[in-house]
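Please keep the view open as you read.

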Amino acid sequence: MDDYILDFDCVGIDDGGIIPIENTKRGQNKSPEFLIWNLSPKAKTLAITLEDLTHPIENFTHWIIWNIPASNRIKSGIPAGKTVPSLRHARQGVAYGRHKYAGPKPPEGKTHVYRFSVYALDCELDLSARSRKKAFLKKAERHILQQGSILGEFE
């Protein structure tokens, strides 16, 4: 892993702040825009996970996508599908959002904490779209150059 953390911003979400309704299942259920700084020049692809850290199932995965071409910007509203043609056929795996972004939707009256993580990798990963976060992390472990996370809350 490179000597630095991957710095990024989920547009509209301050680290530790409230996740906007448009990025939740109570709103438009639209993935946020990601702006990335200090991306390693060795990075070939990016991957993103969204996890619910408060869910009874530890680190319950809402979304996983990998093989996004390395870039300083990932537009919001990534469409559903096993592959995403607009992102050079990036793959979305199996999570709460099966092959798609599934934003926060905790039980009414409960506040949950969510973690967006972005990974910079030195290659594309040959993984089936049936893959889950555990398989992604195992396949990616020797290829992760940088990683960063942002926490957000939603009620």
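This is a predicted model: local features need pLDDT of at least 70, side-chain atom pairs count only at pLDDT 80 or more; totals for chains, interfaces and linings use all residues.

**Notes on charged and aromatic pairs**

1. Lysine 133 and glutamate 51 are both buried (under 20% relative accessible area; over 50% is exposed and in between is partly exposed, with a 1.4 Å probe and protein chains only). These two residues form a salt bridge, with the closest N and O atoms 2.4 Å apart (a salt bridge is a side-chain nitrogen of Lys or Arg within 4 Å of a carboxyl oxygen of Asp or Glu). Because lysine 133 lies in helix α1 and glutamate 51 in strand β4 (residues 45–52), the pair ties together parts that are 82 residues apart in sequence.

2. Residues are numbered from 1 along each chain as its sequence is written, and side-chain values use heavy atoms, with hydrogens and water left out.

3. How many salt bridges does a search of the whole structure find? It finds four. One of them joins arginine 73 to glutamate 33, with 2.4 Å between the closest N and O atoms. Arginine 73 is in strand β6 (residues 73–74) and glutamate 33 in the loop between β2 and β3, so the pair ties together parts 40 residues apart in sequence. Helices (H or I, at least four residues) and strands (E, at least two) are DSSP runs, numbered from the N terminus.

4. Glutamate 33 counts as buried because its relative accessibility is 17%, whereas arginine 73, at 45%, counts as partly exposed. Beyond its neighbours within four places in sequence, glutamate 33 has contacts (heavy atoms within 4.5 Å) that include Asp9, Val11 and Ser76.

5. Glutamate 108 and arginine 26 also meet in a salt bridge, at 3.3 Å from N to O. Here glutamate 108 counts as exposed, at 67% relative accessibility, and arginine 26 as partly exposed, at 27%.

6. Now for the rings: there are six aromatic pairs (rings of Phe, Tyr and Trp, using its six-membered ring, with centres within 6.5 Å; planes under 30 degrees apart are stacked, over 60 edge-to-face and the rest tilted). Phenylalanine 8 and phenylalanine 34 make a tilted pair, 6.1 Å centre to centre with 45 degrees between the planes. Both of these phenylalanines are buried, and Phe8, Phe34 and Phe116 form one aromatic cluster.
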